[in-house]
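Visitor: I am new to this one. Could you show it to me and take my questions?

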Amino acid sequence: MSEAIIRLRGVNKWFGDIHVLRDVDLDVAQGERVVICGPSGSGKSTLIRCINRLEEHDSGVIKVDGIELNEDTEHIAAIRREVGMVFQSFNLFPHLSVLENCTLPQIRARGTSRKDAQAKAMAYLERVRIPEQAAKFPAQLSGGQQQRVAIARSLCMEPKIMLFDEPTSALDPEMIKEVLDVIVDLAQSGMTMVCVTHEMGFAKKVADSVVFMDGGRIIEKAPPRELFENPQSERTRQFLSQILEH
Amino acid sequence: MHDQAASSVSTRPAPRRRRAHWSWIDLVLLFGGAGLLAYLAWQTNTAFAYHWDWSTIWPFIVRYDAASGRWVSNLLVDGLLTTLRLAFWGILLAGIIGTLMGLCRTSQRLFLRMVGTSYVMLIRNIPPVVFVFVFVYFIASQIMPTLAIGDSVAQWSSSAQFWIGILFGTPRLIDNFVLGLICLSVFSGAYVTEIVRAGIESVPRAQIEAGKSLGLSRADVTRFVVLPQAFRNVVPPMAGQFIQLIKDSSLVSLVSIQELTFMAQDVQVSTQRVFEVFVFIAVVYFVICFGLSRVFAALERRYAQAHH
């Protein structure tokens, strides 16, 4: 694979006295699909939130697409333009229609004209299979539909990298599939993706590598088949046996 | 989704309406209240021995001007117009001050937070009447003469003066009006600030994060994501505060702004009809404030529909 588009070296992060990320090193290549799993509180979400600086790391180096993340607001803005993010709780803007949710960021952050922004928004709503909901407000949609809008909204910014922070954890079981289908589609189109999820079936299907985290450390990173069938660490084995039992 | 909704509507029983049900306690309260009112009416007519005479105050609403042969508005209507102008501009200005100061109160910068907090604490902890005097005599009176708004307006074209007259009242009294307006807005703005702050704080952090992650600048996140939601969340307390502002506009009568309460006092002095005048302006204030509260209630319903 080509050179790393996301590169973390010796990243540490504290919340007060709690050491949430410990000396994290991670490389994600262009076009690579990485799934991060691990018990709750292991620092998975914090890790991907550091990649677009929703959380500030305390030490170490994070480079995204060759740009280093530091105090420089220009750098932060540049990286956020390249990195899309999908949240567990969707976080659509409730006061804007589905279409406006998708056009506002394009118009304000990319300077796209309203007409072009609407055309692109409709194209991506088509891609997540809900163009007919464009005029509705988020509260009128089901959870699965809202999450698909959130994905479309991110894609409208033409990001090079997509981060998913437990995108299906807040969904009713019957809606998980419609959202995963969209993400699988996206993965197959060659998008670089980092996804925190407990959906191991999804990981097996699309991930190039799976990262197992515990206690703020990356314990293992391996292709899914290797990690699931032959985990190197005892901790990984334990975790997998717990979540795969059911 | 559509089909499910449609089918569930047809099978769902009609929502139960709140029934108008009278309990004996309601009736006791009703008769008790009616009895009290009847007693008060009887008292005012007998023990109080007040002779109601409304005819003397009508000329102060409109009077016939023999010289020009036309009906013209008199003191009470002029006062009402000034009150309406104070209310309109006051709501606008207090809204702007409150929004800016509310943003300061919730700013990440310590200095701005201190500015916002000092403003709110200073005004909220002084009685309104005292504030009006302090503001007008020690602050505004030092600044207004230098601005000399009235003098510059006097030099404008007559059509400009006509519109100024409609919007701000007679140019002759415009310095006075602006002074009262600023006083009222600065005072009310402190309360609006606290409502705006509460509104901003009611917007979940995740909304701000979503905005940031989409590459919106901090200013754009505030303008397009936070403030619109903040305002929607505080329509009821904001309505209350704006109605309060209209009622508080009577305070500036203390410093000779010729609005409704000031004019009422004038009329009362010259006619000696204390009760008629004050009952009259009480009704006028009620109509204005009640009207505004209906407008806000409609706004609230519209926002509620957009959300759900």
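This is a predicted model: local features need pLDDT of at least 70, side-chain atom pairs count only at pLDDT 80 or more; totals for chains, interfaces and linings use all residues.

Guide: Residues are numbered from 1 along each chain as its sequence is written, chains are lettered from A and ligands numbered from 1 in the order in which they are written, and side-chain values use heavy atoms, with hydrogens and water left out.

Visitor: What volume does the largest pocket have?

Guide: A pocket is an open set of points on a 1 Å grid over the protein atoms alone, with protein on both sides within 12 Å along at least five of seven lines. Points are joined across faces, edges and corners, and a volume is the space filled by probe spheres set on them. For the largest pocket that comes to about 1,200 Å³.

Visitor: Which residues lie nearest the centre of the largest pocket?

Guide: Lining residues have an atom within 4 Å of a point. The largest pocket has 35 of them. Those nearest its centre are B:Q108, B:I208, B:K212, B:R218 and B:V221.

Visitor: How many residues in the lining of the largest pocket are charged?

Guide: Asp, Glu, Lys and Arg count as charged; Ala, Val, Leu, Ile, Met, Phe, Trp, Tyr, Cys and Pro as nonpolar; the others, Gly among them, as polar. The lining of the largest pocket has 14 nonpolar and 7 polar residues. Its charged residues number 14.

Visitor: Which element gives the largest share of the lining of the second largest pocket?

Guide: Helices (H or I, at least four residues) and strands (E, at least two) are DSSP runs, numbered from the N terminus. The second largest pocket holds about 390 Å³ and has 18 lining residues. The largest share, 6 residues, comes from α3(B).

Visitor: Which elements each supply at least two residues to the lining of the largest cavity?

Guide: A cavity is a set of points where a 1.4 Å probe fits but cannot get out. The elements asked for are α2 (73-82) and β6 (83-86) of chain A.

Visitor: Why is α3(B) called oblique to α4(B)?

Guide: Axes are lines fitted to C-alpha atoms, for helices over the stretch in contact, and angles run from 0 to 180 degrees between N-to-C directions. The axes of α3 (residues 75-105) and α4 (residues 110-124) of chain B come within 7 Å and cross at roughly 125 degrees. Under 35 degrees is roughly parallel, over 145 roughly antiparallel, 65 to 115 roughly perpendicular, and the rest oblique. That angle makes the pair oblique.

Visitor: Is the crossing of α3(B) and α8(B) left-handed or right-handed?

Guide: A crossing is left-handed if the near helix is turned anticlockwise from the far one by less than a right angle, and right-handed if clockwise. The axes of α3(B) and α8(B) come within 5 Å and cross at roughly 45 degrees. Their crossing is right-handed.

Visitor: How many residues are nonpolar in the contact of α3(A) with α4(A)?

Guide: Contact means heavy atoms within 4.5 Å. Among the residues that meet are A:V98 and A:L99 in α3(A) and A:R114 and A:L125 in α4(A). The contact has 3 polar and 3 charged residues, and its nonpolar residues number 8.
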